[in-house]
Amino acid sequence: MTTTQDRPAVAKEIGQERRRKEDQRLITGRTRWTDNIVLPGMLHMAMVRSPFAHAKITSIDKSAAEASPNVVSVLTGADLGESQGVLINAWAITTDQVTPTHLPCPIDKVSFAGEIVAVVVARTQAEARDAAELVDVEYEELPAALDLKKSANDEVLAHPDLGTNKSAFWKFDSLEAGTGSSIDEAIEKARTDGVVIEREYRQQRLIPAFMEPRSTVVDPTGEQITMWSATQVPHILRFALAATTGVSESKIRVIAPDVGGGFGGKLQTTPEEWLTFAIANRLGKPVKFTETRSESLMVAHHGRDQWQKLTLAADKEGNVLGLKVDLLADLGAYVSLVGGGVPVLGAFMFNAIYKFPAYQFNCQTVLTNKTWTDAYRGAGRPEATFGIERMMSELAAELDMDPLELREKNWIKHEEFPFTTVAGLEYDTGNYEAATALAREMFGYDDLRAEQKRRRDAGDKVQLGIGISTFTEMCGLAPSRVLGQLNYGAGGWEHASVRMLATGKVEVVTGASAHGQGHETAFSQIVADRLGVAFDDVEVLHGDTQIAHKGLDTYGSRSLVVGGEALVKAADKVVEKAKPVAAHLLEASVDDIEFEGGRFTVRGTDQGLAIGEIAAAMFSAHDYPEGMEPSLDSEATFDPVNFNYPHGTHLCAMEVDTETGAVKMRKYVCVDDIGTVINPLIVSGQIHGGLVQGIAQALWEEAVYDDAGTLVSGSFVDYLLPTAADTMNYEIDHTSTPSITNTLGTKGVGEAGTIASTPAVVNAVVDAVRHLGVNDIQMPCTPERVWKAVNGVGAGGEASTEGAAAAHFDPATGMEGTTDRTTGGTQA
Ligand code: MCN
C-alpha cells in the first residue's frame, strides 16, 4: 500500500502497528471514569421516571422520600422551575421545524416512558435510589403515539399542544438542485421500457449500548463550576450549558475523563447533565449522577428507526436511471441535539458509489412518545447504504445479473475522480475496481457461487447466500460552510496546539475527544513523524475544556481527518518557527537550513541541532533571533474544503437453515479504502468493532416497545448485544487512494464497518433463500422472521402483518396509500 501525499521525508511512525498507549490504564482499570470520582461532601442523585409513555402528572407526593434516611432534597420540575435550563436542538433542518420545548424535568406532563418526573438527592447513591422508590406520583394516562406510520398520520398526537407530530419535511431533488435530471421522468421511462423496483425497508430502532453507563459529577464549589461527564462532546456540552443557563462559558469547565465508549450515544446534551448542573448549583455542593444499565438502555438516546420507501428505475441492461427515496424518521418525544439532521446526512449517501442521473429524497421527521433518537454509529449513512445496497441486489436479481457486475456497470470509474454526484457532493478520490477485485479474490467469490448453485440444485436443507455491499460514506463532518448551508448549529473545524517542552518532549493538545478510538497513540505517531521526535516523547492531552480551550469533539469519523490535520498544521508551524532559531544558533542563513528526521542542518555540512535542543534554547531564551518571541509553541484550526469519502467492498457468505430459519455466518471479507493508514492495529480494531455493530443490526438487535410504549428490550437479556462468541474472524484488508482533502491523505474509519456490513449480511440471507420466493427479510433477521419469509409469510416483520409491505406512506402528507405495483419490479 503506497501513498503519494505530502509526507515527512522520514515517516517512521505513520503506518506502524503501535500498541495503544492508553490501553494499559484502560484495561487494568488504573484510570478515572466519571463514576470513580469522589469529592468531599459529594451528594448523589437518583431519578424518578415515568412508567407511562404519555401522561399528565396529576400529583407528586414527596413526603415519604423526604423522610427517608440521609435524603437531602426531593425536587420536581415545578421546584426547579427555570433554574433547570432547557435542552437544545442544534440542528433545525428546516426553518419551520416543529420542536417541542424540552425541559430536563417536565412539570405537568410526561412524553415517553422513562422521562424524569422528580430527582432525589441523598448522601449515598443507594439511599437516593431507595428513596426514589418512595416518591408517589399520580398520572392520568393519555393515548400514546407509538407507531411511526400512524404517528406520521397524526392519528394520536405525541404533544397535543403542537397539533401535529410532523416535525420537519426535508427534500432534495436533483432537477431542482441542478445536479441531475427529473426522477419522475426516469421512473416513467423505466416503467415503459425497463424495470422499476419498489421496496419498503424498516430500519429498526437500535440502542447504542456503550460499555460505561453515562455518569456526571458537578462541583460548584471552586472558582469555576466543574463538570465531569462521560460524554463524547465536552466542548459542545460547555457551550450548550452556557447558552441555556446564562452561566458564562469561562465559568464552566467540562472534563470528559476516560470515556467507555459512545458510538454516537454520548453525542448528546442530556437531561441528567442539566439536572446535575442545576442541583449542584442550587445546593452548593458536589453532586453525582450515574445511571443504571436499565436506565441507560431505556433513556440514553436510541438510533435508526426509519421506514424507507425506495423506488429504483433502471433500463433493461441494468443501468440505473434514478432513485426516489421516501423516508419517515422517528425522532421520539423530542428533537435531540442533532437527531433531526441524522436522516439528512443520509440524503447525500443514497446514491452511494453510483452515477445515476436522477435522484429525489423526501424525508418527514416524526414525533412519537418514545425515547428520543439521535446519532448512532454512522448516523444516517448506514440507513442510506442499506437502502441502496439492498436495492442494487434486488435489481440484479430482477434482471438475473451478477450483483457485482451490476454494481460495476453503475459505479464511478477510478479515472472519473473527482466526481460530482447526483446529490451534489464532490468525491475526491476512490478506486472501487481495486477494492472489489481484492475482496473478490480473498472471498473466493466464484467458488462460493459454484457451491451455492450445487446446494440449490440439490435442494439442501441449509442454503448458502452471498451478500455484497460496495459502500462509501461522507465523513469528517466539515467543511463548516457546508454545515452552515444545512442549517447545522455549529462549524466543523478542529483545533490543535503543539508545545515544545524545555526537555525536548512534546505536548500536544487536541480538540477531539476520544472515547475508545486511540487518539493518544495515533496522534503521537503523526506528531512524532512531523517533528522527528520519539513516539514516546509525545503526550496527547484532550477532553478538558481548560486544557483544550477550543474544539468540536469526536463523532462522524472526523477526529483524524480534521483534528489530525490540525495537528499537522500546528506541528509544521513549530518547525517553521524553529528554523530561524536554528539558523541563528548555527550562524547560517535560514535559506540554508534543512529539516529532516528531527534535525535542522546547514545544507552541505554535518552541522546541526536537534529540534529538542532548539526547544531548550528557546526555553532559556538567552540567545535567539531579534524580533522573535521566545516560544516555538504553535496552534492551528483546520476547516477542510470537503468531506472525505472512504469506501470499500464487503462480501458476506451466510448459511440459512430453511427448516428452522437459523442463520450462520460462513465468511466475511472486507477491503476498505481509507487512504493513508496511520495505525493499522487501531484501524483493524475500528473495522472489527464496526462490523460487529453493523452485523448485529442485521441479525440480532432491536429496541422493542409494547403497545403501551414500554421498552420491553430493556435489559441485555432481551436486547441482543452480540458477545465474542457470536462473532467470527472477519478477513480485512485495504487498498489506498489517498484523500486530497488533507495532507496526510487519510480518510475516516470509525464508522466504516458499521455502515457497510448491515446490507452485506441481509443481502446474503435473502440471497440464500431467494430461489424459494423471498425478496426481503426484515431486520433483525431472526430465525422466526427467516422461517416466516421462507414459508411465505412476507418479510417476517411488521410490514408483513400489515399486508406484505403493501401499505406505504407519502412523507409529504404522512398519509398511507397503496403501492403502485404495475411495474416490472418483483412483488414483496
Ligand atoms: N485511523 C487511522 N488511519 C486512518 C483512519 C483512522 O489510524 N486512515 C485511526 C485514528 O487515528 C483514530 C481511529 O482510527 O485513532 C478512528 O479515527 P476516525 O475515523 O477519525 O474516527 P474518530 O476518532 O472521529 O471516532 C469517531 C468514530 C465514531 S463516529 C464512532 S460512532 C465510534 C468510532 O469512532 N465510536 C467508538 N469508534 C469507536 N471506537 C470505540 N472504541 N468506541 C466508540 O464509542
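Start at Ala 352, which is buried, with a relative accessible area of 4%. This is a predicted model. Ala 352 sits in the loop between helix H11 (342-347) and strand S15 (358-367). Check its backbone: phi is near 50 degrees, a positive value in a residue other than glycine.

Now select Asn 487. Its phi is also positive, about 70 degrees, and Asn 487 is not a glycine. Is Asn 487 buried or partly exposed? Asn 487 is partly exposed, with a relative accessible area of 36%. Find it in the loop between H16 and strand S19 (494-500).

Step back to Pro 479, in the loop between strand S18 (462-472) and helix H16 (480-485). The peptide bond from Ala 478 to Pro 479 is cis, with omega near 15 degrees.

Another cis bond joins Met 779 and Pro 780, with omega about -10 degrees. Pro 780 belongs to the loop between helix H21 (752-769) and helix H22 (783-790).

Next, the ligand. Show the 31 residues around it; Gly 262, Gln 517, His 519, Gln 686 and Val 749 come nearest. By type, the shell holds 10 nonpolar, 17 polar and 4 charged residues.

Zoom in on the polar atoms. A ligand nitrogen is 3.2 Å from an N or O atom in the side chain of Arg 377. A nitrogen atom of the ligand is 3.1 Å from a polar backbone atom of Ile 678. At Asn 679, a polar backbone atom is 3.0 Å from a ligand oxygen. Taken alone, the ligand exposes 840 Å², and the protein buries 95% of that.

Finish with the helices. H17 (519-531), H18 (559-586) and H20 (680-699) each give two or more residues to the shell around the ligand. Which element gives the largest share? H20 does, with 3 residues.

Conventions. Residues numbered from 1 in each chain as written. Predicted model: local features only at pLDDT ≥ 70, side-chain atom pairs only at ≥ 80, totals over all residues. Heavy atoms only, no water. Near = heavy atom within 4 Å. Polar contact = N/O pair within 3.5 Å; in protein donor to acceptor, adjacent residues only side chain to side chain. Areas by Shrake-Rupley, 256 points an atom, 1.4 Å probe, with all protein chains shown as cover. Helix = DSSP H or I, 4+ residues; strand = E, 2+ residues; numbered from the N terminus. Nonpolar A, V, L, I, M, F, W, Y, C, P; charged D, E, K, R; others polar. Buried < 20%, exposed > 50% of the residue type's maximum accessible area, 1.4 Å probe, protein only.
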